[in-house]
Amino acid sequence: MFKDFALAPADPILGLTAAYRADPRAEKVNLGVGVFMDETGTTPVLRAVKDAESALLAAETSKSYLPIAGTDGFRAAVARLLFAGALPAERTAVLQAPGGTGALAAAAHLVVRARPGGRVWIPDPTWGNHKAIFPAAGLSTAAYPYFSRTTRGVDFDACAATLSTLGPDAVVLLHACCHNPTGADFTLPQWEEVARIAAERGWLPVVDFAYQGFGEGLAEDRAGLLALLTRVPEAIVCSSFSKNMGLYAERTGAITLVGEDAGATARAESQAKQVARTLWSNPPKHGAAVAEAILSDDARRTAWEGEVAAMCGRIRGMRAALVEGLRTRRGDVDFAALAAQKGMFSYLALPDGAVARLREEKAIYMVAGGRINVAGLLPRQLDYVCDSLAEVL
Ligand SMILES: Cc1ncc(COP(=O)(O)O)c(C=O)c1O
């Protein structure tokens, strides 16, 4: 069997990091990575995480399996963080999942039970893995218009027009905040309009919430999600602690089902537990225990909120410095849309030739289309990157 396999291509983003590492040039800059970095270029373990880990290490007495859906404490803490009490508890069911990716895979396998061969609508552009996760579960994907390369912002009219043509069989993937790769998010009135369309047309929203706290703040970043969830009968939320707790390698996330009433929610939850049982049987313990220990302890939670605000501040400060640097070099280009983008990523909407040129001539690495991680940009690299971008823009 194996010798007949075609050679699958390497992951484009992870492959970029490998090429960056192999580059001998001293001035090289890696703006392709998808992790937060501090001013020194490291992806730190948060102090709240270290503190929780010390307490857990001392108190742990067993490594027996967790329940299929995770512990009750973790599930309740996730519901509080996502919804802040805005939805009745009996309408929501949280299941722990291995990262946001695991949550999306579980969502795909849950959807396929109700809609075999169904179609998931994903934004154009979107995180590359969306295009792979849903088909891997037997669903097809189609793209809805989302981003305008001319304005470098959301093309809401085109987006709403397509979403208005979809019916109850459709599933629509939405990014809750910090859209990857563009950083262009819906405004609150636009979320309200999306909610109205979803309620009227009956399609199922699946919301990918991987960056809570990286846009404007933990509470601000869930405002659009809540505007949607308080207006639609059903939805699925796929959330992750990879970024906002820096628990990348611990694979800590959740799939949360929002049902019309207690009965529908319980039925969907029972199906999702079967899905989890077949995919990973029961979830990994450590990251979820850390998240629970942070979210359910007032002092640790306050410390963590401060660390999230600091990460968000570094991202916003770096984006502002980048925009300022580009404005002084290229007074003829309008950078308002770039300044308004949210989260780790900025999308420069560069032609492929420019991305390749920056890599070959300047040793600056970025994802196709010109997605850069502003948290990957270090203050000492700012002038060099602005000079180089000003040349190709
Ligand atoms: C939009 C989006 N969704 C989901 C994920 C998955 O994150 P995790 O590492 O928790 O699986 C990412 C990670 O980069 C992402 O950018």
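In the predicted model, the side chains of Glu361 and Arg357 form a salt bridge, with an N to O distance of 3.3 Å. Both residues belong to helix H13 (residues 352-362), where they are four residues apart, about one turn of the helix. Glu361 is partly exposed, at 48% relative accessible area, and Arg357 is likewise partly exposed, at 34%.

In total, 20 salt bridges were counted. One of them joins Glu60 to Lys285, whose closest N and O atoms are 2.6 Å apart. Glu60 is located in the loop between helix H2 (47-59) and helix H3 (72-83), and Lys285 in the loop between helix H9 (262-279) and helix H10 (286-295); the pair therefore ties together parts that are 225 residues apart in sequence. Relative accessibility is 34% for Glu60, which is partly exposed, and 27% for Lys285, also partly exposed.

A further salt bridge pairs Asp383 with Arg329, with 3.2 Å between the closest N and O atoms. This pair links distant parts of the chain, 54 residues apart: Asp383 lies in helix H14 (residues 382-392) and Arg329 in helix H11 (residues 298-329). Salt bridges also connect Asp72, Arg75, Glu269 and Lys273 in a network.

Zero disulfides were found in the whole structure. The cysteine sulfur closest to that of Cys178 belongs to Cys177 and is 3.7 Å away, too far for a bond. Cys178 is buried, with a relative accessible area of 2%, and Cys386 is buried at 0%.

Notes: Residues numbered from 1 in each chain as written. Predicted model: local features only at pLDDT ≥ 70, side-chain atom pairs only at ≥ 80, totals over all residues. Heavy atoms only, no water. Disulfide = S-S within 2.5 Å. Buried < 20%, exposed > 50% of the residue type's maximum accessible area, 1.4 Å probe, protein only. Salt bridge = Lys/Arg side-chain N within 4 Å of Asp/Glu carboxyl O. Helix = DSSP H or I, 4+ residues; strand = E, 2+ residues; numbered from the N terminus.
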